[in-house]
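The sequence and structure are shown below.

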Amino acid sequence: MSDFPAIPKPTVNFNDYLKMVNNPDGSVTRLLNLPSTAASPDHTTTTTTTTHLPVISKDIIINPDKNIWVRIFLPREAQDPSPSPSGATRKLPLIVYFHGGGFVICTAATTVFHDLCACMAAEVGAVVVSVDYRQAPEHRLPAAYEDGVEALEWISTGGEAWVSEYADVSRCFLMGSSAGANLVYFAGLRVADSVADLEPLKIRGMILHHPFFGGTQRSGSEVRLEYDGVLPLCATDTMWELALPKGVDRDHEYSNPMARKGSEHCSKIREVGWKFLVIGCDGDLLYDRQVEFVDTLKRNGVEVLGEFEKGGYHVIELFESSKAKAMFSFVKKFTA
């Protein structure tokens with residue numbers, strides 16, 4: 001996995017790290033320069049030798065007015081013309097992925113998310129569609145959820161060649177990291193009442209990687225890890241302040257789905273039969289909220305598997321390849 005700038009201990013307001021400049025029209029200028037990676041649509045790159053890329057990728061704009069676009073990752077082996085031993089062509093599961101960044105920073109091209117998706121496509125054996133969505137504070141929630149739904153509707157039309165030719169859209173899984181995991185949950189709830197409208201796309205389950213939740217009452221892990229070097233408490237507070245609708249607190253359902261409407265949400269999920277995989281670790285400031293989320297799903301009859309490691313830190317799998325490989329094993333088994 002690629003290097004990522006370390007977040008300093010919060011001796012100053014976290015917004016100083018975000019390097020956001022407020023503009024008179026309510027927008028912000030983002031000065032934080034995170035490494036990004038371009039798509040690699042070709043089979044090979046030519047340097048002194050010809051190097052085969054295990055995964056190829058390409059970008060497609062799906063809504064130019066909202067600047068919603070996707071990066072599609074395809075294992076190169078999927079284009080191998082050789083027949084399988086059975087003679088049949090077996091399509092790959094489809095993973096629709098949403099990047100993290102607290103709803104305020106990062107894109108689908110940010111290197112850590114590009115690398116994760118490329119490695120996952122190869123290791124899991126899946127077509128991965130990574131969605132880039134609108135960000136707060138210019139577009140506060142639920143804008144990102146709406147964009148997630150629009151991406152699913154676009155995929156369901158079957159107009160994209162790689163998806164239609166190589167992906168089994170009847171085996172679709174939604175996955176996100178951090179804020180992207182939050183987005184997966186709420187975009188899923190928005191389509192739960194109208195899943196037939198997405199056919200032939202069929203969502204089978206959701207994979208929440210270190211999901212980003214909050215609340216007004218501090219959890220034990222938030223108190224314990226208040227000054228964490230990767231995701232300090234002031235970071236989550238700032239991100240929620242920028243992302244939530246104006247005039248609400250962190251017990252709003254978008255931040256704290258367990259506070260008021262947990263049972264109602266679970267009833268919707270149970271009716272459509274989606275299963276959940278929640279991945280986290282107890283070194284993450286958000287750990288207690290993630291465990292509470294899993295317990296809420298279980299208590300309300302939703303099929304859920306929680307995979308929580310000891311130690312670690314928020315989204316450790318983005319930065320440590322051994323942890324990423326372990327996560328890909330969980331994902332491969334879950335999507336089989």
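Phe-98 has Gly-176 as its bridge partner in β9. The model is a predicted one, in which local features need pLDDT of at least 70, side-chain atom pairs count only at pLDDT 80 or more, and totals for chains, interfaces and linings use all residues. Residues are numbered from 1 along each chain as its sequence is written, and side-chain values use heavy atoms, with hydrogens and water left out.

**Strand β7 and its partners**

Helices (H or I, at least four residues) and strands (E, at least two) are DSSP runs, numbered from the N terminus. Two strands are said to pair if DSSP finds at least two bridges between them. Strand β9 (residues 167–177) pairs with β7 in the parallel sense over seven bridges. Strand β8 (residues 127–132) also pairs with β7 in the parallel sense, over five bridges; there, Leu-94 has Val-127 in β8 as its bridge partner. From β7 the chain passes through α2 to β8, forming a right-handed β-α-β crossover (with the strands pointing away from the viewer, the path from the first strand over the helix to the second runs clockwise).

How many of the residues of β7 are buried? Seven of the seven are, so β7 is largely enclosed by the rest of the structure. Here buried means under 20% relative accessible area, exposed means over 50%, and partly exposed lies in between (1.4 Å probe, protein chains only).

**Aromatic pairs**

The structure holds 15 aromatic pairs. Rings of Phe, Tyr and Trp (its six-membered ring) pair if their centres lie within 6.5 Å; planes under 30 degrees apart count as stacked, over 60 as edge-to-face and the rest as tilted. Two edge-to-face pairs are listed here.

| Pair | Centre to centre | Angle between planes |
|---|---|---|
| Phe-103 and Tyr-145 | 6.3 Å | 85° |
| Phe-186 and Tyr-254 | 5.6 Å | 75° |

Phe-103 lies in the loop between β7 (92–98) and α2 (111–125), and Tyr-145 in helix α3 (residues 143–156), so this pair ties together parts that are 42 residues apart in sequence. Phe-103 is buried at 2% relative accessibility, and Tyr-145 is buried at 0%.

Phe-186 belongs to helix α5 (residues 179–191), while Tyr-254 is in the loop between α7 (233–243) and α8 (262–272); the pair therefore ties together parts that are 68 residues apart in sequence. Phe-186 is buried, with a relative accessible area of 4%, and Tyr-254 counts as buried at 12%.

Ring pairs also link residues into a cluster, whose members include Phe-103, Tyr-145, Phe-186, Tyr-254 and Trp-240.

**Charges over rings**

A charge sits over a ring if NZ of Lys or CZ of Arg is within 6 Å of the ring centre and within 35 degrees of the ring normal. Lys-58 lies over the face of Trp-162, at 4.3 Å from the ring centre. Lys-275 is placed over the face of Phe-334, at 4.6 Å from the ring centre.

Glu-153 lies in helix α3 and is partly exposed, with a relative accessible area of 43%. The C-alpha atoms of Glu-153 and Glu-199 are separated by 9.3 Å, although these residues are 46 residues apart along the chain.

Asp-228 is found in the loop between α6 (220–224) and α7. Asp-228 is buried, with a relative accessible area of 14%, and its side chain reaches the backbone nitrogen of Val-230 at 3.1 Å.

Conventions:
A polar contact is a pair of N or O atoms within 3.5 Å; within protein, one must be able to donate a hydrogen and the other to accept it, and residues adjacent in sequence count only if both atoms are side-chain atoms.
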